Amino acid sequence: MVPNDAPSTRDTTRRALLRQGAGACAAGITTLVAGCTSAVPPLGSAQRFGRVDVPPAAEPAYRRWLPAPTAVGLDDAHYAFLLRQPTELDYPAPVRFTTPRKRLLAELDCFGVAYANYDRLLRTPFGTVLEAVDPATAEATLTESGYRRGGTYEGGDVFVRSDVRRRAVVTDGALVWASHRVHGRPNVEALVDAHDGRLPRYHEESGTVRRVTDAVGESRMVEYVPPNDERTWASCEGFRFDGAVAYHVRTFRYPEGETPPEAELRRRSKTGTVLTREVENTDFRVDGRLVTVEGRIPPEAGIQPADVDPPYPPQVTWGYARDSESETVRLRHEAGASVPTAALALRFDADVDGRWTRPADRSLPTERERLGPGDAVTVDVRDVPAVTVFDPDDVDDAADPAEAGERRPATRLVLAFVPESASTASRALFSVELEGNR
């Protein structure tokens with residue numbers, strides 16, 4: 001999910017404002033959140049301006065993995081990315097720092113190396129890069145969990161699977177992985193080529209990406225949000241830590257000919273909608289079209305590691321086999337941590353362009369208390385339930401817009417993570433296109 005929480009110089013219509021509010025409603029309706037809720041601006045107490053003295057950041061070395069948009073055939077000049085340095089924290093962290101990890105864990109297959117042991121995790125539309133992955137461990141896990149060898153690429157070993165199309169390149173110390181379920185434009189080769197210098201890189205072509213990533217640097221988390229049809233500015237934010245003290249840095253860059261709305265940004269920097277809600281002191285600078293906001297988060301502010309709720313989802317490789325004769329789908333746990341079945345649910349959903357859905361829920365058809373490597377669940381798909389499809393415009397006027405929606409057969413079976421303590425929407429762990437909709 002791309003945030004729209006910094007002001008633009010263009011007018012905002014009433015309907016646009018209503019749709020922003022409707023996003024919370026949609027989360028309860030669709031229930032399967034694949035995007036990043038870290039970008040939603042939480043409300044916080046008023047902050048105080050003054051020098052924050054953010055610790056310096058190293059040069060953003062992760063940029064070497066990012067290909068220039070023109071090198072991968074993108075019509076648009078921008079794409080989003082997310083960097084994490086996953087090492088575990090043993091002290092509180094801001095909510096906007098902890099939330100992206102939930103999305104990433106739900107997306108990733110298991111490669112034999114725990115999330116906290118990666119040096120870097122870089123999520124792009126083309127694939128996800130994991131650094132500090134032992135090649136032998138990764139290759140053994142891949143081959144034992146349903147992947148097969150698919151040759152080599154520029155010195156790296158390639159692994160592929162076809163149930164849900166996935167591809168991995170294992171290099172010396174890194175694994176580059178893409179899934180057609182997760183990534184919008186899977187292309188692991190482009191990431192490898194950019195890293196090795198065979199393709200131009202993002203920051204070499206884009207002055208905006210260069211400026212904002214220079215400002216944020218190599219932080220524990222970096223998220224770049226590009227301009228789009230509704231938003232002229234680009235944003236890059238990052239978190240750095242100095243012991244138990246966290247710092248939030250966010251930059252905005254406006255296009256040529258557009259003056260940053262300094263007064264409004266200052267106001268929103270003080271009221272907690274630009275930086276994470278735990279920020280106590282704020283520094284604000286404008287350099288031409290570049291705005292930089294920095295905040296200090298005092299020790300003990302934020303979420304204790306043991307108190308993260310909903311809890312982090314499991315990192316599991318899921319697979320499936322379809323039996324057309326019996327009209328069943330067999331979901332398999334291929335590798336990773338075992339999962340309580342009470343925290344799993346089946347959802348039948350549908351792909352609809354520009355519309356929202358209310359999925360149909362089904363219990364997991366198993367008596368097992370947990371699913372671990374080698375375990376499977378067989379789902380009967382002879383009687384596919386219908387889902388409710390409705391237009392988001394109806395959110396403006398209806399108390400329950402789904403009541404006025406139309407019923408359609410489900411086109412997708414989703415395995416969702418729904419822990420008992422969850423107070424927010426569930427997360428999709430795996431999905432299978434139903435017969436006739438592949």
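Modeller: Two strands pair if DSSP finds at least two bridges between them. The model is a predicted one. Five bridges join β9 to β10, and the two strands run antiparallel. M221, for example, has F239 in β10 as its bridge partner.

Colleague: How do you know that β10 and β11 pair?

Modeller: Nine bridges hold β10 and β11 together in the antiparallel sense, and the criterion asks for at least two. F241 stands opposite A246 in β11. The two strands form a hairpin with two residues between them, and G243 in the turn has a positive phi of about 65 degrees.

Colleague: Why is β10 described as largely enclosed by the rest of the structure?

Modeller: Eight of the nine residues of β10 are buried, so the strand is largely enclosed. Buried means under 20% relative accessible area.

Colleague: What makes Y224 buried?

Modeller: Y224, in strand β9, has a relative accessibility of 0%. The cut-off is under 20%, so Y224 counts as buried. Leaving aside neighbours within four places in sequence, Y224 is in contact with several residues, among them H78, A80, T208, V212 and C236. A234 is another of these contacts; Y224 and A234 are 10 residues apart in sequence and 7.6 Å apart in space, C-alpha to C-alpha.

Colleague: Which residues do ring pairs link into a cluster with Y224?

Modeller: The cluster consists of Y62, Y79, F81, F126, Y202 and Y224. By the ring-pair rule, the count comes to 14 aromatic pairs.

Colleague: Why is the pair of Y62 and F81 called tilted?

Modeller: The ring centres of Y62 and F81 are 5.8 Å apart, and the limit for a pair is 6.5 Å. Planes under 30 degrees apart count as stacked and those over 60 as edge-to-face; the planes here stand at 50 degrees, so the pair is tilted. Y62 lies in the loop between β1 (48-49) and β2 (81-84), F81 lies in strand β2, and 19 residues separate them. Y62 is buried at a relative accessible area of 0%, and F81 is buried at 3%.

Colleague: What makes the pair of Y79 and Y202 stacked?

Modeller: The planes of Y79 and Y202 are 20 degrees apart, and stacked requires under 30. The distance is 4.2 Å centre to centre. Y79 belongs to the loop between β1 and β2 and Y202 to helix α5 (residues 202-205), so the pair ties together parts that are 123 residues apart in sequence. Y79 is buried, with a relative accessible area of 4%, and Y202 is buried as well, with 1%.

Colleague: How do you know that the buried residues of α6 are on the same side of the helix?

Modeller: The buried residues of α6 (residues 207-216) are T208, V209, V212, T213 and V216. They cover an arc of only 110 degrees around the axis, which puts them on the same side of α6. The elements they pack against are β2, α5, β9 (221-225), β10 (234-242), β11 (245-253) and β13 (290-297). G217 follows α6, with a positive phi near 75 degrees.

Colleague: What makes R161 lie over the face of Y147?

Modeller: R161 is 5.1 Å from the ring centre of Y147, and the distance limit is 6 Å. The charge must also be within 35 degrees of the ring normal. R231 likewise lies over the face of W233, at 4.9 Å from the ring centre.

Colleague: Why do β14 and β21 stand at the edges of their sheet?

Modeller: The sheet is open, with three strands in the order β14-β15-β21 and antiparallel pairing. β14 (316-323) and β21 (376-380) each have a single partner strand, so one side of each is left without a neighbour in the sheet. The twist averages 20 degrees from one strand to the next. Eight bridges join β14 to β15 (residues 328-336), and A321 stands opposite R330 in β15.

Definitions and conventions: Residues are numbered from 1 along each chain as its sequence is written. This is a predicted model: local features need pLDDT of at least 70, side-chain atom pairs count only at pLDDT 80 or more; totals for chains, interfaces and linings use all residues. Side-chain values use heavy atoms; hydrogens and water are left out. Rings of Phe, Tyr and Trp (its six-membered ring) pair if their centres lie within 6.5 Å; planes under 30 degrees apart count as stacked, over 60 as edge-to-face and the rest as tilted. Helices (H or I, at least four residues) and strands (E, at least two) are DSSP runs, numbered from the N terminus. Buried means under 20% relative accessible area, exposed over 50%, partly exposed in between (1.4 Å probe, protein chains only). Axes are lines fitted to C-alpha atoms, for helices over the stretch in contact, and angles run from 0 to 180 degrees between N-to-C directions. The arc is that of the directions from the helix axis to the C-beta atoms. Contact means heavy atoms within 4.5 Å.
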